[in-house]
Amino acid sequence: MQSPMLELNTVQTDIISSKHLAAASGERVLLSGPSGSGKSYFLRILADLVPWQGAISLNGKPASAIPGPEWRQRVMLVPSASHWWQPLVEDHFTHPSDAPLEALGLDRGILKKDPQYLSSGERQRLALLRALDRKPAVLLLDEPSANLDPERTGQMETLLNDWCKKTPGLLVMTSHDPAQRTRMADRLWQIRGGQVIDTGEHA
Ligand SMILES: Nc1ncnc2c1ncn2[C@@H]1O[C@H](COP(=O)(O)OP(=O)(O)OP(=O)(O)O)[C@@H](O)[C@H]1O
C-alpha cells in the first residue's frame with residue numbers, strides 16, 4: 001500500500017476496539033458487521049465524536065495534534081440521519097452553485113427549498129453533497145443509499161467512485177447490501193466480536 005491516509009493503532013473504547021488498520025487515498029473501504037455490532041459507533045470514533053484511546057492519524061499526523069473541528073472537516077461523517085438548521089437548503093452550502101445536484105438526479109430548484117419538506121431520499125443525497133462541498137479528505141458514510149431506489153443508488157456510487165479517484169479521497173462506508181459491498185469495496189473491514197479487522201479481502 002502507498003503511505004496510508006488514515007491509520008489506526010490499538011484503538012479502544014468500551015464498545016469496540018481495533019488493532020492496526022490502514023487505508024490509502026483513492027480507496028473505498030466497506031465496513032460490515034451485524035446490526036448493532038457498532039458500525040455507526042466506529043464511524044463516530046473515526047470522526048472523533050466519541051471518546052477513544054489509542055492512536056489515529058491522518059496523513060501521518062496524529063489526531064491529538066489536530067483541533068477537533070479541523071479533524072471533523074478533514075474526516076467528515078455523514079450520518080444516516082442528517083440535521084438541517086438553516087431556513088433553506090442552499091444556506092448549508094459554501095458554494096451552492098458548484099454542487100453537482102444533477103449527478104444525483106436532483107433539480108437545482110431544490111436549493112431554494114425549506115429542508116423540513118425534503119423527502120428522505122432527497123435529504124440523504126443532499127447530505128452527501130453538503131459534505132463534499134466542505135472538501136474533506138476522508139468521507140465517512142453511514143448507509144448512504146438506505147433511502148434510495150436502484151437508479152439513484154447507482155448515481156450515488158458513480159459520484160463516490162469519481163470523488164475517490166479524482167480527489168483522491170478515502171471513502172469509508174457502511175452498507176447492509178452485500179451486492180453493494182461487492183461493487184464498491186477495495187478493502188473490507190469487518191466487526192467481529194467487538195473487534196474491527198481488515199479481512200484482507202479486496203474486490
Ligand atoms: N455513545 C454511545 N455510548 C454507549 N453506547 C453506544 C453509543 N452509541 C452507540 N452505542 C451502542 O453501541 C451499539 C452499536 O450501535 P451502532 O449504532 O453503532 O450499531 P450498527 O452496527 O451501526 O447497527 P445497525 O446496522 O443496526 O445500524 C448499540 O448497542 C448502541 O446502543
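Trainee: Is S175 buried or exposed in this model?

Mentor: Judge that from relative accessible area; buried means under 20%. This is a predicted model. S175 has a relative accessible area of 4%, so S175 counts as buried.

Trainee: What does the side chain of S175 reach or make a polar contact with?

Mentor: Look for pairs of N or O atoms within 3.5 Å. The side chain of S175 reaches the backbone nitrogen of D177 at 3.1 Å. A polar contact also links the side chains of S175 and Q180, at 2.7 Å.

Trainee: Now the strands. Which strand does β4 join, and how many bridges are there?

Mentor: Read the direction along with the bridges. β4 (residues 28-32) runs parallel to β10 (residues 187-192), and four bridges join them.

Trainee: Do β10 and β11 pair in the parallel or antiparallel sense?

Mentor: Antiparallel, over four bridges; β11 covers residues 195-198. W189 has D198 in β11 as a bridge partner.

Trainee: How many residues lie between β10 and β11 in their hairpin?

Mentor: Two. Check the backbone angles in the turn as well. There, G193 has a positive phi of about 55°.

Conventions: Residues numbered from 1 in each chain as written. Predicted model: local features only at pLDDT ≥ 70, side-chain atom pairs only at ≥ 80, totals over all residues. Heavy atoms only, no water. Buried < 20%, exposed > 50% of the residue type's maximum accessible area, 1.4 Å probe, protein only. Polar contact = N/O pair within 3.5 Å; in protein donor to acceptor, adjacent residues only side chain to side chain. Pairing = 2+ DSSP bridges.
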